[in-house]
Amino acid sequence: MALSGVENLARLPELKKKLLWTFVLLAVYRLGIHIPVPGVDSHALTEFFNSASNTLFGLFDMFSGGGLKKLSIFALGIMPYISASIILQLLTVVSPELKRLSKEEGAEGRKKITQYTRYGTVLITCIQGFGVAVGLESMSSPTGQSLVLFGGWGFRLVTMVTLTAGTVFLMWLGEQMTQKGIGNGISMIIFAGIVAGLPSALMNTFQLVGAGELSLIMLLVILALMGAVLVFIVYVERGQRRIPIHYAKRMLGRKMVGGQTTHLPLRVNVAGVIPPIFASSILLFPATLANFSSVEWLQKISQYMTPSSIIYNVAFIGLILFFAYFYTAILFDPKGISENIQKQGGFIPGIRPGAKTREYIDRVLARITLWGGIYMSVICVLPMLLISQFNIPFYFGGTSLLIVVGVAMDFMGKIESYLISRQYEGLMGGGKARIKGRQ
């Protein structure tokens, strides 16, 4: 009995359970966004963020899913965890002990690194939470109203503990989503936070059209541009550089094996959305601290590091390219790949096995990583161009769009693989398959 893709989702209990876990945990996250930190004037805070929607605060609020604008218990979002992951991955490269844990001790070593990442998350969140509390005490709304009702050490400690607890809970929520749901939990939390802001952004855009501040023709041009960018991202994300590999015929026992030609697929964007996330985290962390401080030289840093500044975007592009190469080097080991190909009796046509194969793979990987980094850089500087030239009242493009498209493709791909692995028809309806044991 053949079933359609949608019917398969409904008739597979295990998949239904995973999807239910994913949506329930995401609902818990969105519910927590509306629980505020005590001691803050919500009206004054809303006025302040409305006046800073297209600044660094607006960008950081997007990553926190609107939690910073409400100063909720999830105001810092999952970014401290990502920052801690960056630090641990950088330390893995320079520390022999961490490198040994990650490569030689297998699952146990990775558990220890995960534990160190959690400790680092708590430390970073405590520092950021205390900085947020101190900064809020010195800030006021455009009307001159203080953002904090009752300042002092009591407010600072309560805010620090509350924000730290919120981020730790989000970290746990993401891990539970990864284990019991579908997809990477941390990515899904960031995805949900970004998507949650789309309805209000679209409503603001249509209000501008109704008020005559944005013409209908310009809106159609923007929508066409958005559609073209989405198609371009999907096209590049699916793009591959296929290196042909030929396996010579050889006797294995009494059988002749080999003789076939396959390929080594290398994605154009090997590192995925990791480089822009890492780059954003590094740039947001010091700039955010500077915005919450009244020190003069820190204020100058804050002015130079706004998302609309040339310095910020140049640094952003540089960090994206750096992390594209850095993360690709972590994911791919050309030496190990070339050795495995040689052990299995394979070779790349026109390239000698061994060191020459490694050099060839390394050279190809370096070229496509450069183009992947340029592609991510173009998408990530797109929001500033749209805001400055077309006066779009929300961020379209950048890290947020890469995350949304990347996570959505990964989520759909895992559901598809899950269905195919159980001999169901694919989710997109591409081909028929029968359920085991049924006709």
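**Burial, exposure and charge in a predicted model**

The protein has 18 helices and five strands, where helices (H or I, at least four residues) and strands (E, at least two) are DSSP runs numbered from the N terminus. This is a predicted model, in which local features need pLDDT of at least 70 and side-chain atom pairs count only at pLDDT 80 or more, while totals for chains, interfaces and linings use all residues. Residues are numbered from 1 along each chain as its sequence is written, and side-chain values use heavy atoms, with hydrogens and water left out.

Me: Why is Ser377 called buried?
Reply: Buried means under 20% relative accessible area, exposed over 50% and partly exposed in between, with a 1.4 Å probe and protein chains only; Ser377, at 6% relative accessibility, therefore counts as buried. Ser377 lies in helix 17.

Me: Which residues does Ser377 touch, not counting residues up to four places away in sequence?
Reply: Ser377 touches Ile317, Ile320 and Leu321, a contact being heavy atoms within 4.5 Å.

Me: What makes Arg352 count as exposed?
Reply: Arg352 has 64% relative accessibility, so Arg352 counts as exposed. Its place is in the loop between strand 5 (346-347) and helix 17 (355-390).

Me: Which residues gather with Arg352 in a patch of positive charge on the surface?
Reply: Arg352 gathers there with Lys356, Arg363 and Arg367. Patches are made of residues with over 30% relative accessible area and no salt bridge, like charges being joined within 9 Å; a salt bridge is a side-chain nitrogen of Lys or Arg within 4 Å of a carboxyl oxygen of Asp or Glu.

Methods. Patch = residues over 30% accessible without salt bridge, like charges linked within 9 Å, V, L, I, M, F, W, Y side chains within 5 Å. Areas by Shrake-Rupley, 256 points an atom, 1.4 Å probe, with all protein chains shown as cover. Lys, Arg positive; Asp, Glu negative; His and termini not counted. Charge placed at Lys NZ, Arg CZ, Asp CG, Glu CD.
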